[in-house]
Amino acid sequence: MTALAALIRRDIRIALRVGGGALIGVLFFLTVTVLMPFAIGPDLALLTRLGPAILWLGALLASLLTLDRLFTADHEDGSLDLIVMGRAPLELACAAKALAHWLAAGLPLIAATPVLGLMLNLDATATSAVALTLLVGTPALTFTGMIGAALAVTLHRGGLLLAVLVLPLSIPVLIFGVAASQAAITGPLSFGTPFSILCAISLVSFVIGPFAAAASLRHGLD
Amino acid sequence: MTLIDLANPTKFLSLTARVLPWLAGATAILLLVGFYQAAMAPDDYQHGAVVKIMFIHVPNAWLSMFVWSVMSLAALGTLVWRHPLADVAAKAAAPIGAAFTFLALVTGSLWGRPMWGTYWQWDARLTSVLILFLMYLGLMALWRAVDDPSRAARAAAVLTLVGALNLPIIKFSVDWWNTLHQPASVLRMGGPTLDRAFLIPLLVMALGFSLLFVTLHLAAMRNEILRRRVRSLQMMQASQQAA
């Protein structure tokens, strides 16, 4: 257990220090959100209506952008081999790495959401609904994206291949995340139904993600 | 003759060389009969002659999902049993599956134009099949991204299995999101709702297309095995010349 805690502490510390690049995700999130009004036009009513979708897309792309580094840095300096050979089960180690990655790169996105919501003319309920769905949904993005990151590191290919593999898998999270936020703002549907499905998807990804990533690392690294 | 005997590529090649002509013949006969029956089938009271697209569209749509299940079985064969032919089977199936999915999308789109008044609609079935198509393409990109076939096979196997777990989730989420497509009318509780005049040609066509898949798949596997042999011979030649 202490090994996993140490792994989490180490990953967070590396991500937050110089060269870690966890906070670049937030900057990217901000930039994408700022780009949207240029493409759509500064119509505040339209931005209010599209706001949750814009924030969700931005968060999805931002978390995808930082995923590339989840295993690559460890692979480059050799510590990934030590993690694979270590006594802690590889599945748990993968889960710990994903958790650390989410704490370092996912939580700042949620912290930035209220400010960005303000710029998109979302009111307090809408912003809190989006922030709440992001809080529940982004772990699912990290844990499914981890599968792609593990595949990419074993193949020595990252970037676009990772995006092509991971994005289709993140569609359910996007659908229910946006549906729950819209339901809280306007919808005739209740907030609870899509929100609990979103929670369920996150819980499923906590199981599938570490196992698939560990399988891919075990079979791929030699 | 068990599955393990087929692990020897030479045995597999000689067996399929004997089986393939028969399979190809059966496929041709079934498809010809199917096309004839489909052409003779009565027009639908609502869809008119356009309903004949169904005889191509529905088998392709079935196969688009069936091929992914075949690839998932092959992926299990790669990861669990390390069967030497499993990754060949998985690699050969992916482009065929993508082609069936593409045909299902195109015929569905052509059917949608006169019936729904639009080529494309962001409807649940269409969208989930489109995502399936994207995942086939992603898988093919993964196969092409790595030059070492066995390494690519294991990565592709993980992705195939994750996709097999995720496809139902994607399908249900998209269903819930927006739907216009008709519900299932052949494989459903309480028997098919389709009239016998349409059902029999449809089943013949489905069987014909499934045999077409088996034929193409075996042929593609043969090609892949031969391609790998050529590759290793070339590598041997190159290393001999270098030495």
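Read along the sequence, chain B follows the pattern α-α-α-α-α-α. The model is predicted.

Me: What average pLDDT does chain B have?
Reply: pLDDT is the predictor's confidence in each residue, from 0 to 100. In chain B, 86% of the residues score at least 70. The average for chain B is 82.

Me: Which helix supplies the largest share of the side of chain B that touches chain A?
Reply: The contact takes 22 residues from chain B and 21 residues from chain A. On the chain B side, α4 (124-145) and α5 (149-177) each supply at least two residues. The largest share is 13 residues, and it comes from α5(B).

Me: How many residues on the side of chain B that touches chain A are nonpolar?
Reply: That side of chain B also holds three polar residues and two charged ones. The nonpolar residues there number 17.

Me: Is B:Pro84 buried, partly exposed or exposed?
Reply: B:Pro84 sits in the loop between α2 (54-81) and α3 (86-116) of chain B. B:Pro84 has 17 other C-beta atoms within 10 Å. A residue needs 20 or more to be buried, and 12 or fewer to be exposed. The count of 17 falls in between, so B:Pro84 is partly exposed.

Me: Where is B:Arg82, a residue other than glycine with a positive phi?
Reply: Phi of B:Arg82 is near 55°. B:Arg82 has 14 other C-beta atoms within 10 Å, so B:Arg82 is partly exposed. Its place is in the loop between α2 and α3 of chain B.

Me: What is phi of A:Asn121 near?
Reply: A:Asn121 is found in the loop between α6 (90-119) and α7 (124-155) of chain A. With 16 C-beta neighbours inside 10 Å, A:Asn121 counts as partly exposed. Phi is positive here, in a residue other than glycine. The value for A:Asn121 is near 65°.

Me: What separates the C-alpha atoms of B:Pro84 and B:Ala243?
Reply: B:Pro84 and B:Ala243 are 159 residues apart along the chain. Their C-alpha atoms are separated by 30 Å.

Note on methods:
Residues are numbered from 1 along each chain as its sequence is written. Chains are lettered from A and ligands numbered from 1 in the order in which they are written. This is a predicted model: local features need pLDDT of at least 70, side-chain atom pairs count only at pLDDT 80 or more; totals for chains, interfaces and linings use all residues. Two residues are in contact if their C-beta atoms, placed from the backbone, lie within 7 Å. Helices (H or I, at least four residues) and strands (E, at least two) are DSSP runs, numbered from the N terminus. Ala, Val, Leu, Ile, Met, Phe, Trp, Tyr, Cys and Pro count as nonpolar, Asp, Glu, Lys and Arg as charged, and the others, Gly among them, as polar.
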